[in-house]
Amino acid sequence: MTNNHNKKSVRKEIYVVAVIFGILFISMIVYFLRFLLFDSREFIYNSYNSRFSVFADDVVRGPIYTADGRAMAKTTKDDEGNEVRVYPDERLFSHAVGYVGHGMAGLESSYSFDLLKSHISLSDQINNSLTGRKSMGDSLYTTLNYDAQKAAYDGLGMFDGAVIAIDPETGKVVAMVSKPDYNPNTIDKYWDDINDTEKGDSALLNRAANGAYPPGSTFKIVTTLAYLRDGNSSSDFSYKCDGKFLVDDYTIHCSGNKSHGQEDLLKAFSNSCNSAYASIGVELDRDIFQSTAEDLLFNKSLPTMLNGAKASKFKINKDTKESIVAQTAIGQGKTTVSPLHMCMLVSSIANDGALMEPYLVDRIISDDGEVVSETEPALYGQIMSSKEAELLEEYMEAVVTDGTAEKVNFGDLKVYGKTGTAEYTENKKITHSWFVGYAINDNGKKLAIAVIMEGAGYGSKYAAPLAADVFKAYLGN
Ligand SMILES: [Zn+2]
């Protein structure tokens, strides 16, 4: 009896110990697996203050690279052994990469979850945890190209404005620059200055994606398409320009008061003749003008994973004054666009009317070199027919061979574009300089671009040469 009783009690003890070990084992597995299992981004973001710090206790924030493998952001240690986020190229990638410090912005914000997640082998993660070491977070490989970004950045120089360049066949964002900018390394130190909205230069705003500018003559692309959709053929148009167009006691002038003389539609486009396009505007069916703009994504949120991409604004209806319609047709009036949107528009022309959704992150890679996820290019849809795209391409070619951008040196590249000079104050002498278009090299590689330089003047003098530099940097000369 005693023996049996002892046996029973020993068995009970073994059982209790086994259960305790079982529970411990399961808790340990759950503890190690929580980063792998816990994939609820929304929850993490909603309460990021507390949750991110839990992740950062175990994982070193991963680096962010250009497509060509240059670190744009990485985590190092200072002399006292504290982790520091470092941006080796300082201002060059500021709006694309963003910052961590005073809150977060850019990719640092939208991919914070991924950067603080480690997909190194489970055994290494467990080993690191047991020895009190942190695991290395995953890396972001972006679509940005260093040379293109540098050409865009240097080209803007001291001007405020934006450059965005996209591969039309995939939607990869190859360059994205916005000025004024900031140095993400010192954002904490200069936060009050940078964030001082009173000064009005809003360095934190990514003008490439979120700017709202008058499109100027780049909008003649839209007006041309509306003219064709209004039942006209390109050969129908004939106009004699004497340098001005009068509507409702309002006079629209051609650039430099130049008289362009007799023009067909192609000539009016490549000369960027304001009088001819104002005459088109007042004749256009207003519903067709409005619906054409909306087919081209005006008044719509843009299909892209770029943060906060701003919707462009366009409004014409039966109550709009004729002088406003005429101004709208030449890209003045109340229309506003973002450089990103204009770049998407010309991307679709370069891609037979098909618009690819712009994206900035190509893949996420673990510190072991394993691919964690990869972005597949996504087709948004056909925003114009391939026939319409072909015609606009022909017109945009004439701008470069025989029009407002004919003096710009694009090297050996085949280039299609539209210049713009947009008035934005009562003082018509101060204008924004625009260029939108695309280039193709001998291998068939393409790049679309939108450039705006605030207050710089003629598009052909400033924005178009900048575009040429970016094309050459990415596509070769
Ligand atoms: Zn003219």
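The structure holds 0 disulfides. It is a predicted model, and its chain has 18 helices and 21 strands. Of the 477 residues of the chain, 51% count as buried. The C-alpha trace spans about 120 × 45 × 45 Å along the principal axes of the chain.

**Cysteines and disulfides**

- A disulfide is a covalent bond between the sulfur atoms of two cysteines; the count of such bonds in this model is 0.
- Cys-343 is buried, because its relative accessible area is 0%, under the 20% cut-off.
- Cys-254 is likewise buried, with a relative accessible area of 2%.

- Cys-254 and Cys-273 are both buried.

**The largest pocket**

- The volume of the largest pocket is about 1400 Å³.
- Its lining consists of 44 residues, and those nearest the centre of the pocket are Ser-255, Gly-256, Asn-274, Thr-421 and Tyr-458.
- The elements that give two or more residues to this lining are β13, α12 and β19 (414–423).
- Strand β19 provides the largest share of the lining, with 5 residues.
- Sorted by class, the lining has 24 polar, 12 charged and 8 nonpolar residues.

**Helix α13**

- Helix α13 is largely enclosed by the rest of the structure, because 9 of its 10 residues are buried.
- The buried residues of α13 are Asn-274, Ser-275, Ala-276, Tyr-277, Ala-278, Ser-279, Ile-280, Gly-281 and Val-282.
- Asn-274, one of these buried residues, is also among the residues nearest the centre of the largest pocket.

**Backbone geometry**

- Most residues other than glycine have a negative phi, and most peptide bonds are trans. The residues in this group are listed with that background in view.
- Ser-272 has a positive phi of about 55° although it is not a glycine.
- Ser-272 is placed in the loop between α12 and α13, and it is buried because its relative accessible area is 8%, under the 20% cut-off.
- Asn-299 also has a positive phi, of about 60°, and is not a glycine.
- Asn-299 belongs to the loop between α14 (286–295) and α15 (322–329). Its relative accessibility of 34% makes Asn-299 partly exposed.
- The peptide bond from Lys-179 to Pro-180 is cis, with omega near 5°.
- Pro-180 lies in the loop between β10 (173–179) and α9 (191–194).

**Two pairs of residues**

- Asn-82 occurs in the loop between β3 (71–77) and β4 (83–86).
- With a relative accessible area of 39%, Asn-82 is partly exposed.
- Asn-82 and Glu-390 are 308 residues apart along the chain, and their C-alpha atoms are separated by 57 Å.
- Lys-387 is part of helix α17, which covers residues 386–402.
- Lys-387 is exposed, because its relative accessible area is 67%, over the 50% cut-off.
- Lys-387 and Gly-353 are 34 residues apart in sequence, while the distance between them in space is 8.2 Å, C-alpha to C-alpha.

Conventions. Residues numbered from 1 in each chain as written. Predicted model: local features only at pLDDT ≥ 70, side-chain atom pairs only at ≥ 80, totals over all residues. Heavy atoms only, no water. Buried < 20%, exposed > 50% of the residue type's maximum accessible area, 1.4 Å probe, protein only. 1 Å grid on protein atoms, 1.4 Å probe; cavity = no way out; pocket = protein on both sides within 12 Å on 5 of 7 lines; lining within 4 Å. Points joined across faces, edges and corners; volume = space filled by probe spheres on them. Helix = DSSP H or I, 4+ residues; strand = E, 2+ residues; numbered from the N terminus. Nonpolar A, V, L, I, M, F, W, Y, C, P; charged D, E, K, R; others polar. Disulfide = S-S within 2.5 Å.
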